Amino acid sequence: MKRSRRLITLSHSYVVGLNRRLANEMARVGAGDWDVTTVAPRFFHGDLSPLALRLEADEPARTEAVRAFFSRSLHAFLYGPEVRAHLARGADLVHVWEEPYVLAGVELALLTPRRVPLVFCTAQNLPKRYPPPFAQAERFVVQRSAGWVAWGESVRDNLLTRPGYAERPSRAIPMGVDVDLFHPNRAAGESLRRELGWETSGPPVVGFLGRFVPEKGVSLLMDALDALDTPWRALFVGGGPMEGVLRAWAARHGDAVRVLTGVPHSGVPRALNAMEALCAPSQTTPRWREQFGRMLAEGFACGVPVLGSDSGEVPRTMGDAGLVLPEASVSAWTQALASLLESPQRRAELALRGRERAVSRFSWPVVAKAHLDFFTEVLERRG
């Protein structure tokens, strides 16, 4: 009887159950061929609040809890020393969901037995020069690795120009989306509209989902809507430092605008289904460009027509399933919105195309299989 390959996957992100979906789906997809163990911190300081590890009863991947030190800094945190014992338990491959330039990445590369191939993943889509010790950390992890996963084609293109990366096998794999949770449900969307005090038969709803920050294009979308002659309503879902500016702008439009904050991830599908169009006008800055655009995949999965800027990975995430627009052109966004809002048929076509793209490219089983296929390739290359 063939022995299952043992995969150990580690990430500080696994402290959140939603982020363990990758590991759990790899366990489901690889059942019989792969035995998957997740290593996660017992506790981690999140961006907004402290996070404690909580496991669900039906998770197919085993999860081992370890301590994490200095977790207020993603660059400087370290796993507790007990992680060494987990890495020494006969893994066939170790998967590290940590950037190669952070100290935890170096720690895991050092503690993984030399005979065991290590694959790291990265979302770095900008050319950067790291100061010591992070430059040395990246160099060591890349040299130690047997391969690497890029969270997007633009990430892979960027890193292939850096020393050491092109010499190792790599694969661009997108982030995943739960296409069962995120699915077309217009009744849920209409229910939310009624709760917001909107008539279900009013003008089309233009939506925004994400952080209220300049780089997400909040100002551009407000300007584009201001210039729009076609009747519209707008629903902004998220939170961030621009909330005050956004609410002041919304007040000038009376009943046409709603701003929702504090929406849990489980409530996002309902919000998306209340929209006739989702806008993601991400704006490139010297220090940031869109790495994937999870809201794009979630909008596709809900059958919502999507408009995205040409920042970073957005055009590749969108493919031909949405409308890609110049990130700095208010007039292009205004014209595209007018055309889309005035054409129910065009919206229906994009809704079908987006749902198909979500299921075929971004669903978790597809993303998990892509990882396992790449891990198999790495093992086969090592003979």
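Predicted model: local features only at pLDDT ≥ 70, side-chain atom pairs only at ≥ 80, totals over all residues.
Begin by selecting helix α13, residues 344-362, and look along its length: at 1.5 Å a residue, its 19 residues should span 27 Å, and the end C-alpha atoms, which are 26 Å apart, agree with that. Now colour R347, L350, A351, G354, R357, A358 and F362, which are the buried residues of α13. If you turn the view to look down the helix axis, these buried residues fall within an arc of 135°, so they line one face of α13. On the face turned away from that buried side you will find the exposed residues Q345, L352 and E356. To see what the buried residues of α13 pack against, show α10 (294-301), α11 (314-318), β17 (323-325), α12 (330-341) and α14 (364-381).

Next, select S282, which sits in the loop between β15 (277-280) and α10. Is S282 buried or exposed? Because its relative accessibility is 1%, S282 counts as buried. Once neighbours within four places in sequence are set aside, the residues in contact with S282 are E215, K216, W288, E290, M295, S309, S311 and E327.

Finally, turn to the largest nonpolar core, which has 95 residues, and select L10, V94, L272 and F375, the members that touch the most others. Helix α14 supplies the largest share of this core, with 8 residues. Around F375, leaving aside neighbours within four places in sequence, the contacts are L7, M26, W34, L93, H95 and V119. Apart from this core lies another, of 32 residues, and L221, M222, L325 and L350 are among them.

Terms used
Residues numbered from 1 in each chain as written. Heavy atoms only, no water. Helix = DSSP H or I, 4+ residues; strand = E, 2+ residues; numbered from the N terminus. Expected span 1.5 Å × (residues − 1). Buried < 20%, exposed > 50% of the residue type's maximum accessible area, 1.4 Å probe, protein only. Arc of directions from axis to C-beta. Contact = heavy atoms within 4.5 Å. Core = buried A, V, L, I, M, F, W, Y, C linked by side-chain atoms within 4.5 Å.
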